[in-house]
Amino acid sequence: MTTTATTVKQPTAAPRGEGGVGLVLRDLRRSFGAGTALDGLDLDVAPGELLALLGPSGCGKTTALRIIAGFETADTGELLIGGEEMTAVPANRRDIGMVFQSYSLFPTMTAAENVAYGLRVRKVPKAERAARAGELLELVGLPGREKHYPHQLSGGQQQRVALARALAVRPRILLLDEPLSALDAKVRLQLREEIRRLQLELGITTVFVTHDQEEALSMADRVAVMKDGRLEQCAPPNELYERPATPFVAEFVGTMNRLPGVVRESGTVEVLGRRLPVHGDCPAAGREVDVLLRPEGLKVAVGEEGPGEGATVRVATFLGGLTRLLLTTDSGAEAKADLPSWEAGALTPGARCTLTPHENPVLVEETATGATTTEVR
């Protein structure tokens, strides 16, 4: 697919929260037969906030979005929009705009007619519909495409039309259901920046469902990570990455090493020859655990001197400013470490080095064997 640069007209700026309303999900539960899609979901979305729902397939994020939209009904729980109870309110009375993964444009309607469809249903006069459609198509970077049919537009342009259609009715809440997953990488990057810019400028409260952690971390004010119908953690992107609340969040968001360690006294764990403080739940002293460490949380030194554990470089992958090393420690564990490329010149496959963790708190998870060791070094 070929793409061309587009200029997106900037809407009139709106302060955060102006134009948006609060959204509250309280103890939402939804089952389908023997399966549980939502198991007591609690979320508070601030006016004007962009919240991303992130998680693996089947975690319940799409079910939550469909309940907000009114396409599904929760078995129990409350849904409040702007402080109003909306659980029993039909979808067409919730003032919600939705953008789908598949665009869902009407193939026999032009771009302008697609954008104006919701206004036509609301019996807005024809001249006003046309003016609003033209304004929004210009807003999303498609001036002059009013008379184009969907088959005459690229995937990225079709998704812009879908976004303009969702905004045409001036919704109180905007819902995005994996709207970029069908697009190629370059268009996906461009559109996520444009969506975020528009959302900030309009100040509209937005819930964005995605399985792509990069999209979630780059676009959202906060990210809610879900697993098995429950909320694992909801936090700003930097906090989610740097201080994950659970091992699941730690491994789902970003790249994570699992290295063998042993819990010592005073809530510390010994790993790679160093003792580190444990963040979160800590098993009893002497228990064998997996220690979770990010690739950038490991220091790599050429040679075998100093604190840490000896290791051998297996693969060195150049990533521009960073080089990622795949290493095997002398105890047989595998680890990934990131370091600036200018420091990695001597660390070619087969090179010996010393691997040392940075002295930051770490998450641990007890190993399946749950073995206990009495050795203290």
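How many residues lie between S16 and S17 in their hairpin, and which residue in the turn has a positive phi? The hairpin has 2 residues between its strands, and glycine 320 in the turn has a positive phi of about 90 degrees.

## Before we go on

This is a predicted model, in which local features need pLDDT of at least 70 and side-chain atom pairs count only at pLDDT 80 or more, while totals for chains, interfaces and linings use all residues. Residues are numbered from 1 along each chain as its sequence is written, and side-chain values use heavy atoms, with hydrogens and water left out.

Helices (H or I, at least four residues) and strands (E, at least two) are DSSP runs, numbered from the N terminus. Two strands pair if DSSP finds at least two bridges between them.

## Strand S16 and its two partners

S16 covers residues 309-319, and S17 covers residues 322-329. The two pair in the antiparallel sense over 8 bridges. Valine 315 has leucine 326 in S17 as its bridge partner.

S16 is also joined to strand S19 (residues 352-357), by 4 bridges, and these strands run antiparallel. Here threonine 312 has arginine 352 of S19 as its bridge partner.

## A second hairpin

Strand S12 (residues 268-271) and S13 run antiparallel and are joined by 4 bridges. Glutamate 270 stands opposite arginine 275 in S13. This hairpin has 2 residues between the strands, and leucine 272 takes a positive phi near 50 degrees.

In a regular strand the side chains alternate between the two faces of the sheet. S13 (residues 274-277) has Arg274 and Leu276 on a covered face, with Arg275 and Pro277 on an uncovered one.

Two packed helices are described by the angle between their axes and the distance between the axes. Axes are lines fitted to C-alpha atoms, for helices over the stretch in contact, and angles run from 0 to 180 degrees between N-to-C directions. Helix H5 (residues 155-168) and helix H6 (residues 185-202) have axes that come within 11 Å and cross at roughly 15 degrees. That makes H5 roughly parallel to H6 (angles under 35 degrees count as roughly parallel, over 145 as roughly antiparallel, 65 to 115 as roughly perpendicular and the rest as oblique). On the H5 side, the contact (heavy atoms within 4.5 Å) is made by Gly156, Gln159, Arg160, Leu163 and Leu167. H6 contributes Val187, Gln190, Leu191, Glu194, Ile195, Leu198 and Leu202. By class, the residues of this contact divide into 7 nonpolar, 3 polar and 2 charged (Ala, Val, Leu, Ile, Met, Phe, Trp, Tyr, Cys and Pro count as nonpolar, Asp, Glu, Lys and Arg as charged, and the others, Gly among them, as polar).

Helix H4 (residues 126-139) packs with H5 at an angle of about 130 degrees, with their axes 9 Å apart. That makes H4 oblique to H5. Arg132, Leu136 and Leu137 in H4 meet Val161, Ala164, Leu167 and Ala168 in H5. This contact has 6 nonpolar, no polar and 1 charged residues.

## Inside the structure

Helix H1 (residues 61-69) is largely enclosed by the rest of the structure, because 7 of its 9 residues are buried (buried means under 20% relative accessible area, exposed over 50%, partly exposed in between, with a 1.4 Å probe and protein chains only). Among the buried residues of H1 are Leu65, Ile67 and Ile68. Just after H1, glycine 70 takes a positive phi of about 95 degrees.

Isoleucine 67, in H1, counts as buried at 4% relative accessibility. Not counting residues up to four places away in sequence, isoleucine 67 touches Leu28, Arg30, Leu38, Glu72, Thr73, Ala74, Leu79 and Arg94. Glutamine 199, in helix H6, is buried too, with a relative accessible area of 3%. Leaving aside neighbours within four places in sequence, glutamine 199 is in contact with Gly48, Glu49, Leu50, Ile204 and Thr206.

## Two loop residues to look at

Most residues other than glycine have a negative phi, and most peptide bonds are trans. Serine 104 is not a glycine, yet has a positive phi of about 55 degrees. Serine 104 lies in the loop between strand S6 (96-99) and helix H2 (111-115), and counts as partly exposed at 34% relative accessibility.

Aspartate 228 has a positive phi near 50 degrees. Aspartate 228 lies in the loop between strand S9 (222-227) and strand S10 (230-235), and counts as exposed at 55% relative accessibility.
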